[in-house]
Amino acid sequence: MTVWLSAGIVFTLVAIAFILLKWGNLRCVGVTPVKTFTFIAILFTSGLDVGLIMFPLTEFAGYADIKASPEYAFANPLAIEFGFWGFLIWGFYFLTCFYFCVIEPKVKFFEIPWVKFINNVVIIGTCAFTAYLLLSNLPWYMPNVGDGESIIPTFYLIVFAAICFAVYSSTSLKYVRILSISTTWMFIALIAFMWASAFVFGDSEMSAFTNNVALLGGYFSNIHEFVLPLNDYHEFYLFWWFAWSIMIGQFTSRFVGGLKTYQVLAAMLVFPSIPIAVWFSVLYHYHEAGIDTAGIKNLAMVVVGVIFVINSLDSLIRLYTDNLGLTVQKLGKRNYILFNIAALSLLTLLFKLNFLQIQWVGALVIALFFGCFGYICYSKFKTVANITRSPKENTIDFSRIETVN
């Protein structure tokens, strides 16, 4: 699996470099373009899930223990955490976003029946994994509700409610903009609240935060270390990013609003990384200073984490139902809601039983990458070589999202 993953990463980076060289100044326009801030908000909230909120406080100590994991010795724990979540790996999303915006309309690889089937397996499986992550992390963040270890009925109810909300919001595309922008501001508010609790209303000095931000330089000075898997845990993360990449690319590609290719790459690498860096820097201080997050802080993180899950599920549900033709118009709103709630709830339980693994999903995505490249080389090489613009039917009309269901 490590060799397969490494081959996928190398292919992705080479493909990104080729795209920049050939189509760097091409204007990318999706089928439902939105303004740049809205595009970034959709990208950020759809492209991340509850792990961003809930994982760091449980992981810093492991990255600091270089006796148990000497492979982490090249950088500090904050830089390691950022390397697992920020900057370079967002290039995965860029590659698929550009492909589905500019190349797929000409190639139509994902309209081949067996490809469409695998693609939908990936999307549905990752949907369920997202809900499972929320379920598995709730005991740690809400120890006052249970014993801090067991998953109790209350946690199942929270996840079920998130699934229900996401299914309902997926019934209309107009909810995407509202949900994404709202979630972005909620995340910013959470950062401000946690920052103020530690540095303004707490006993900590502001210099601790700026020192943490400086620690992030350890990532950029060692960025080459993060390209290939460091160990099994990093491998898990990279497969996870691959699993997400193909569907986030499909979803976000429809919202690109006229940015040039190099600008899309810059937006995807830089803008999501800024709030991630600030958030991790704040959390790292909580870890280092031993500040307790019990009570309102944990509750705030859980609330924002649940909203992230709703955003992610909303976009993924919309994708696989469109691909499978199981739309609201075809099934009716009631049947659409009941079907998706039942399907996602069942699959979430399969992850809980360890019947499914996200690594398998990521490996499938890498296979799709290579399959698509082979298909283009074999039968669509001239078609792709002659691409000079986004599909001409895609025009910049920012009001279109208001009328699309």
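Biologist: Which helix gives the most to the nonpolar patch, and with how many residues?

Modeller: Helix α15 gives the most, with three residues. A helix here is a DSSP run of H or I with at least four residues, numbered from the N terminus. The model is predicted: local features need pLDDT of at least 70 and side-chain atom pairs count only at pLDDT 80 or more, while totals for chains, interfaces and linings use all residues. Residues are numbered from 1 along each chain as its sequence is written, and side-chain values use heavy atoms, leaving out hydrogens and water.

Biologist: How is such a patch defined, and which residues make this one?

Modeller: Areas come from the Shrake-Rupley method with a 1.4 Å probe. Here M186, F193, I296, L299 and V303 form a patch of about 410 Å². Both α9 (174-199) and α15 (296-324) supply at least two residues.

Biologist: Are I296 and N76 buried or exposed?

Modeller: Buried means under 20% relative accessible area, exposed over 50%, and partly exposed in between. I296, in α15, is exposed because its value is 54%. N76 has 17%, so N76 counts as buried.

Biologist: Where is N76, and what does its side chain reach?

Modeller: N76 lies in the loop between α4 (56-64) and α5 (77-85). The side chain of N76 reaches the backbone nitrogen of L78 at 3.1 Å, and a polar atom of that side chain lies 2.8 Å from the backbone nitrogen of A79.

Methods. Buried < 20%, exposed > 50% of the residue type's maximum accessible area, 1.4 Å probe, protein only. Polar contact = N/O pair within 3.5 Å; in protein donor to acceptor, adjacent residues only side chain to side chain. Patch = residues over 30% accessible without salt bridge, like charges linked within 9 Å, V, L, I, M, F, W, Y side chains within 5 Å. Salt bridge = Lys/Arg side-chain N within 4 Å of Asp/Glu carboxyl O.
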